[in-house]
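Please consult the sequence and the coordinates alongside the points below.

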Amino acid sequence: MELTRRKFVKTTAVALASAAAAGTMATMAGCAGEPAKGGAQAPAGQGDVTRTVGVCRFCGCGCGVIVEARDGRLVSVTGDPENGSNRGLNCVKGYYLASALYGDDRLTTPLVRDDKATKGAPGGLREATWDEALDLVASKLRETWKADKSRLAFWGSGQQPIVEGYCTAKFWKAGLLSNNIDPNARLCMASAVVGFMNVFQTDEPAGCYADIDEADVFVTWGANMAEAHPMLYSRLTARKLADDRVRHYDLTTLRTRTSASADKVLMFKPGADIAIANAIASYLVENNLYDKAFVADHLQFKQGTENIGNAFEDGYDASETGQSVDAVTSITFEEYAARLAPYTLEYAEEVSGVPAADIQELAEVFADKSRKVLSLWTMGVNQHNRGTWMNHCIYNIHLLTGRYARPGDGAFSLTGQPTACGTAREVGTFSHRLPADLLVAQEPHRRYTEAIWSLPEGYLDAIAKPGFHTVKMFRELSKGNIDFLWSAHNNWAVSLPNLTRFLGRGDKRGVIDAFICVSEVYPTLSTQYADVVLPAAMWVEREGQFGNGERRTAVFEKAVDPPGDARWDLWMLMEVAKRVLAGEQIGGKDAFDVLFGAWYDPEAGAFRGTDREVSRAIWEEYRTFSNPALNEAAAAINESAGLKMEAKQLAPYDLYIDNHGLTWPVREVDGEWLPTLWRFCDGPQADGFDEQGVERYGEHDRAGGVSFYKSAGKRPSVVFRPWEPPAEIPDDEYPFYLCTGRLLEHWHTGSMTRRIAELDRALPEALLDVNPADCERLGVKDGDRVRVTSRYGSCDITVSTTGRTAPPEGIVFAPFFAEETLINLVVQDVYCPLSKEPDYKKTTVSIEKI
Amino acid sequence: MMASDQVAVGPRGVDGVPEPAPVASGAPTAGEPVVISSLVVETAPELAGAVAGELAALPGVEVHERQGHKLVVTIEAASVEASHARASSFIQVAGVTGVNLVYCNFEDEAAAR
């Protein structure tokens, strides 16, 4: 770099960091370079540098970035000061955002496997043309579809951009009339989703990331934010530094980096969190410390089916118990109090191992209305055999104390993936969903969807019954009951539980026999089981959209072309759909044309416009779900069925680019589009409150200044949920609980981050963290190789007593990123009976030195 | 907005934006590839000064500004990997509570590929 250029770049670097530190970055107009396309103040561009707005690819925070490219390659990444989620700051993984595109083994040409016997090992794939690969995929899909459409499936992701997820769901649900589509978000957020729906009848967090800046007390429940949500954790520690009265309570089953900076750690026995939460609620009620006005104005009380057992068997969902798990009945507040009464502090201590005094201290924190309390949680709560129940229990405490939907005072379910909210949940790529929270099982929801998708009335009645959820899908695959599987934006062969079964290493070999198509950017363990691999454009190699955990929708613009013959996933989908639907009709018209003709020309094999124009066109159709006024028939159904679809209003596409992301609902008021930060909280819309929503659907002047207008009767449900034990309890044969999770360096299964040499070197191996006392009993020491065995399978791994986590005796921890270790060979596929989300945290195992 | 005071190398320009300082020891010299990044390093408030001194002593690292408990830092290194390694090492400095990346320019490295 020339010295003058170097000086210029460095001046820019300093100016940007200086402004970011001061929180004034967004106002630095004119400091350096021209605005990015999206209107961004940008870094040090010159000459032929292009500058685009993006969203970080790596985790669930959804941080905005600005990327610069020159000569077809990315040359800089900057935290986007105008994205409200991160305000110009990124975690240090941001160094490698661009590197993720440039691993040496990017997939650049379609691959085909001729011999199924080669599955499960590297090799066996040969290069093919796009036509050959697409013809093969489409013919297998069509053949399966015509023969028995219960035997086809799509497995998607919380990393699939919004319009791609929307089109996939539309193809599967309306084109194939199949509900066998589910995302990997089933593995991380499903319990949160069912919790939201049960309590509030709307799937959304009411709060936003700015809550972190305003809270006085943080309570983390089963969340290692320091490693899994680094930017948000940085915001939490900044809040603590700004005020030494701020406190952080960490509820966890093992010490993590998050525990290390907490003021108090409540270490509980696996699964006992519900007993603790119920004891807190009981203490509040028993001692008259709950918010009576809030209870009277806002809440209803329920209890549900109990003693629901565990989903060990494939037939659980269809069993009498499995069919009854969603049932609830109304009870009085007094009856609710009576259900809580057995949960004394002493009983909770007995169940959880947490001293009664500590539970009482936390209960009194919730009772103290002079301070704002923010609960944050992730996989410890969601990946739980009672994950939905535990979500309920956290809301119960917050609702009883009037701490919900108020700035800094709320319960915030953190998201695991960049667009688990935006695509999996908001678009609805689940087996039971239609777009925008709509359900396949609800007739008005099907009618509404038919109106927007220009389908004949009643057309979607064929999909009134939900399809296979993720575990069911792979259980059926393993038994040989799936003939066609397409997966995209995920690496199921590493991330699924019970891989011993699902990878055919046990007695079930369906994964070998089925035709499997994998869309990918790098070779993974999943591509080793693929019959066809489709090379995909990655991140900013095409335009896309993410919806993050605070309801913020943001666009990442295309910055560079994909390498070789890699193509946009949306193009692959259109080309397969075109082939499968050839000659098919919907309502007497060409089926492909009805579904996708507005943005894809099947004859030309090309989109009708640029990435931007196509994305905009699809978005505008999707946006109609939350803007019924755009479609006369939909508006009539919305009105007659009382759907309130506009309550989640989304804005026109370009506004998301111009504004570097907006949090929904984005209300149109006198021609202006105004975002909402604090949902259901009355106050000026211009300040981020939900003035328009409360005015239109809710009530002013209710307790706490909130109005839950999306809930039935405007009253969220406090549902009593009992403590029931984990699916497995340690015994002589399997004396340890195995907990798995994510660590800072590696995103999920490491398919991107392990291509980055420095991240790989920083965390090259998955280690088994073991308590030193357990090591002594087992006769193993740091660095020893051991075999971990469960009822499901076994794997070999290296022991560490100085690892990233410090488990108590009886618990061991391993991260799941490493395919050479493949800890998920060991992990149970038991799931929460309500959400169908697997419990990755409590498999019982034995450990032996090898 | 917190008070801003300069704690290390780099005179302030007339518009208040610090001028870049001369290249620190250990950083790439002219003609070699250089990756330039800037960060906001958060510290325990009482240790901000000590942290600034310690960081500024690291090769390729300059501390340009202190804003309360936040330090404005640049790293010049020969590669993204080296930059990341340097930034990742900050957390081991006593008093550092958070390391936030703001900007990373790797145009030399991109050109070299």
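**Overall architecture**

A compact globule of 850 residues would have a radius of gyration near 29 Å, and chain A, with 26 Å, agrees with this. The model is predicted. Chain A comes to 30 helices and 33 strands, while chain B has three helices and five strands. The points that follow take up each chain, a pocket lined by residues of chains A and B, and several individual residues of chain A.

**Chain A as a whole**

- The C-alpha trace of chain A spans about 70 × 70 × 65 Å along its principal axes.
- Of the 850 residues in chain A, 68% are buried.
- In chain A, 72% of the contacts between residues at least 6 apart in sequence join residues at least 24 apart.

**Chain B as a whole**

- The order of elements along the sequence of chain B is β-β-α-β-β-α-β-α.
- Buried residues account for 54% of the 113 residues of chain B.
- Among the contacts in chain B with a separation of 6 or more, 70% involve residues 24 or more positions apart.
- Chain B exposes about 4400 Å², and 57% of this area is supplied by carbon and sulfur atoms.

**The second largest pocket**

- The second largest pocket holds about 1100 Å³ of space.
- Its lining comprises 34 residues; those nearest the centre of the pocket are Arg257(A), Ile91(B), Thr97(B), Gly98(B) and Val99(B).
- Two or more lining residues come from each of the following elements: helix H7 (230-242), helix H8 (257-260) and helix H29 (757-762) of chain A, and helix H2 (80-89) and strand E5 (96-105) of chain B.
- H7(A) gives the largest share of the lining of the second largest pocket, namely seven residues.
- The lining of the second largest pocket divides by class into 18 nonpolar, nine polar and seven charged residues.

**Backbone geometry in chain A**

- Most residues other than glycine have a negative phi, and most peptide bonds are trans.
- Asn288(A), although not a glycine, has a positive phi of about 60°. This residue is placed in the loop between helix H9 (273-286) and helix H10 (292-298) of chain A. Asn288(A) counts as partly exposed because its relative accessibility is 47%, a value between the limits of 20% and 50%.
- Ala405(A), also a residue other than glycine, has a positive phi near 65°. The loop that holds Ala405(A) runs between helix H16 (387-400) and strand E14 (410-413) of chain A. With a relative accessible area of 4%, Ala405(A) is buried, since buried means under 20%.
- The peptide bond from Trp664(A) to Pro665(A) is cis, and its omega is near -5°. Pro665(A) lies in the loop between strand E24 (662-663) and strand E25 (667-669) of chain A.

**Leu176(A): a buried loop residue**

- Leu176(A) is located in the loop between helix H3 (162-175) and strand E7 (181-183) of chain A.
- The relative accessible area of Leu176(A) is 0%, so the residue is buried.
- Residues up to four places away in sequence aside, Leu176(A) touches Leu141(A), Trp145(A), Lys149(A), Leu152(A), Phe171(A) and Val580(A).
- Leu176(A) and Ala582(A) are 406 residues apart along the chain, and their C-alpha atoms are separated by 12 Å.

**Pro563(A): a partly exposed loop residue**

- Pro563(A) is found in the loop between strand E19 (552-556) and helix H23 (569-580) of chain A.
- Pro563(A) counts as partly exposed because its relative accessibility is 25%.
- Beyond its neighbours within four places in sequence, Pro563(A) makes contact with Arg106(A), Thr108(A) and Glu541(A).

How values were computed
Residues numbered from 1 in each chain as written. Chains lettered and ligands numbered in written order. Predicted model: local features only at pLDDT ≥ 70, side-chain atom pairs only at ≥ 80, totals over all residues. Heavy atoms only, no water. 1 Å grid on protein atoms, 1.4 Å probe; cavity = no way out; pocket = protein on both sides within 12 Å on 5 of 7 lines; lining within 4 Å. Points joined across faces, edges and corners; volume = space filled by probe spheres on them. Helix = DSSP H or I, 4+ residues; strand = E, 2+ residues; numbered from the N terminus. Nonpolar A, V, L, I, M, F, W, Y, C, P; charged D, E, K, R; others polar. Rg over C-alpha atoms; globule rule 2.2 N^0.38 Å. Buried < 20%, exposed > 50% of the residue type's maximum accessible area, 1.4 Å probe, protein only. Contact = heavy atoms within 4.5 Å. Areas by Shrake-Rupley, 256 points an atom, 1.4 Å probe, with all protein chains shown as cover.
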